[in-house]
Amino acid sequence: MIFKNKFLVIFVLTIILITFSAGLSAQQLSGEKNAGVTEIKEELNSSIIFIMALILILVLLFIWEPMPISLMAVLVPIALTIFSDLSQMTVEDALSGFGNPATITVMAMFVFSAGIQRSGAVQLLGDRISKLTGKNPKRQITLISALTGSTSAVINNTPVVAALIPMVRELGRKTDVSPSKLLIPLSYAAMLGGTVTLIGTSTNLLASQVSERMLGHPFSMFEFSLLGLIVLFIGIIYLLTVGYKLTPARLEVEDDLTDEYEMRAYLTEVLIGEDCSFVGKSFDEIAENKDLDYDIIRIIRNGKQFMEPLNAKTVRVGDHLIIRAKQDTLLELTKSKGMKTLPEMVVDDDSIEQPMAGETLVEVVVPAHSFLVNKTLKEINFLERYDCNVLALRRGEELTHQRMEDYHFQPGDLLLLLSTEKTLNRLRKNSNFIIDREYDPNLFDRKKMYISLAVLVFFIGSVSLGIIPVAIAALSGAFLMTLSGCINKNEFFNAIDWEVYFLLSGLIPMGMAIDRSGTAAYIAAKINNLAAVFQPIFILMIIYLLTSLLTNLISNNASVLLMLPIAVGTAEQLGINPFAFVITTTFAASAAFASPVGYQTNLMVYSSGGFKFKDFIIVGAPLQILLAVVVPLLVRMFWGF
């Protein structure tokens, strides 16, 4: 996880301390609770101390991420079982997340989303945007947000954003609008759209399961759709007004990738003369004795061009090499090795790509679940494994051309590759990469599109009418996607985000432990001390704000599982409708607007838009504060206290 601004941690902890301090002060000011509020004295004990310490450790580990968060989540059932006397959890309880209906449903929804995405349905809809909006950026934002929000309401929003990023960037290029102005609205609309239905995001499915366990009230398919649509509408209006002015145009509109990645200063063609020390050496030998930071991208010999793998080839007099290096490195290289630069080389997409040889430039995004995360090119043997060259790397605003072999990848990183067509086909099928800028609206299968949409309608209808349980309906739909050929058996397993599976499986019992150990009631009692000063609606706004801040720091799924028991306990001690607190917390957990690391769609646009970390704070914080007021007020209006 990319977390350069540690002040956010301090900010959240400060908010929590202020909340508890204000609560204690309020208790001193008033010895009596508000009318209708039951006085509950919760005493601190060893179980509560253990669970609170475990929560704090988890949050800190999730922020600094010394290892994948899914792996850290697996430690939760281990800790809960080893310290069962303190956690009040049995072995069966600690392992219940692995077979939980919410976990199974979320996994099946990944298959749904993959089937619809592979049919090309989302890309086909996206193609209509450029024809309807022209060069009006606000009209583009309106339609992009409406399309993304409505689509994210019924399928997982991550593949929706992955499918639309290339379309959005191409739209910006065609209409001279900076892609940065369009990409943040794309991500935010995907988050907001996920709040419209039960299946819009995994957060809703998890919250429904917790609500059923604690209150006996699971969510129906359209339980909060009206609220979700209103929030989506408010979000779009914000993005068209305040958000549009605050969103920076980080990326200039460029005609090709070489300009966007500033490759002109880093690619040079050199001629190998008789005096060159490379003559007679294999490229393996050259790489082993390399004392400068450069890469040989291509060899041109007798009019024929060869790219990776070059290992076994031997350099000959008269060869032309395309070298990636900065200018001072190149000067030192030519002096020490006896080669001649050819300044007449024109660096652009046409000169680098060789369509006849099947070579092309391609951008790929590193998703959060990719095995590349926290690894280097050297560790994974990238060049040999994928038979391609890495020309540049982008992380947010940072653009890297040097020492890329030792570069540790993070989620959201963008790679510029010079790839063969064979490698590109492999990358398309590899869930460890998301192909960016690959947009062809004609690449869709009409038959698969109709079948996948029919399966989705079957799923929504059966769940809405209560014919079969949601988990069984999801599994049935995933099976039908495979049986109908919308995805094959290999794509079935590749479509599932196993990182999410282990994250949910580990954290679901954590939520149970927070409730069962009395930790939720204890924290709720501290928050409820504010009732002596504030009305319940303000308590609800505080719950929303704390949940949304936590979401920006860790993840939506982790924050909803940690905060829901506390929210329910707070409502019960206040003597008001706990379901209203459940709905508010659920919406807050999908409000990771102020950080690129709290939600995967933000990570995906972070590098694609060339953003700085602070851009999300500047654009997202006002929206987060606005919804912290609006959502609780609407929840009280619809569900009452």
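The model is predicted, so local features were considered at pLDDT of at least 70 and side-chain atom pairs at pLDDT 80 or more, while totals for chains, interfaces and linings use all residues. Residues are numbered from 1 along each chain as its sequence is written, and side-chain values rest on heavy atoms, with hydrogens and water left out.

A search of the whole structure returned six salt bridges, each defined as a side-chain nitrogen of Lys or Arg within 4 Å of a carboxyl oxygen of Asp or Glu. One of them joins Glu-363 to Arg-169, with 3.3 Å between the closest N and O atoms. Glu-363 belongs to strand 6 (residues 359-365) and Arg-169 to helix 9 (residues 157-175), so this contact ties together parts that are 194 residues apart in sequence. Helices (H or I, at least four residues) and strands (E, at least two) are DSSP runs, numbered from the N terminus. Both Glu-363 and Arg-169 are buried; buried means under 20% relative accessible area, exposed over 50%, and partly exposed in between (1.4 Å probe, protein chains only).

Arg-301 and Asp-319 form another salt bridge, their closest N and O atoms being 2.7 Å apart. Arg-301 sits in strand 2 (residues 295-301) and Asp-319 in the loop between strand 3 (304-307) and strand 4 (320-324), so the pair ties together parts that are 18 residues apart in sequence. Arg-301 is buried at a relative accessible area of 13%, and Asp-319 is buried at 2%. A salt bridge also connects Asp-413 with Arg-395, at 2.9 Å between the closest N and O atoms. Here Asp-413 is buried with a relative accessible area of 0%, and Arg-395 is buried with 17%.

On the surface, Leu-75, Ile-78, Ile-82 and Phe-83 make up a nonpolar patch with about 390 Å² of accessible area together. Patch residues have over 30% relative accessible area and no salt bridge, with like charges joined within 9 Å and nonpolar side chains (Val, Leu, Ile, Met, Phe, Trp, Tyr) within 5 Å; accessible areas come from the Shrake-Rupley method with a 1.4 Å probe, and for residues only the protein chains shown count as cover. Ile-82, in helix 3 (residues 69-82), is exposed, with a relative accessible area of 60%.

The search also found 17 aromatic pairs (ring centres of Phe, Tyr and Trp, its six-membered ring, within 6.5 Å; planes under 30 degrees apart are stacked, over 60 edge-to-face, the rest tilted). Phe-382 and Tyr-386 form a tilted pair, 5.0 Å centre to centre with 50 degrees between the planes.
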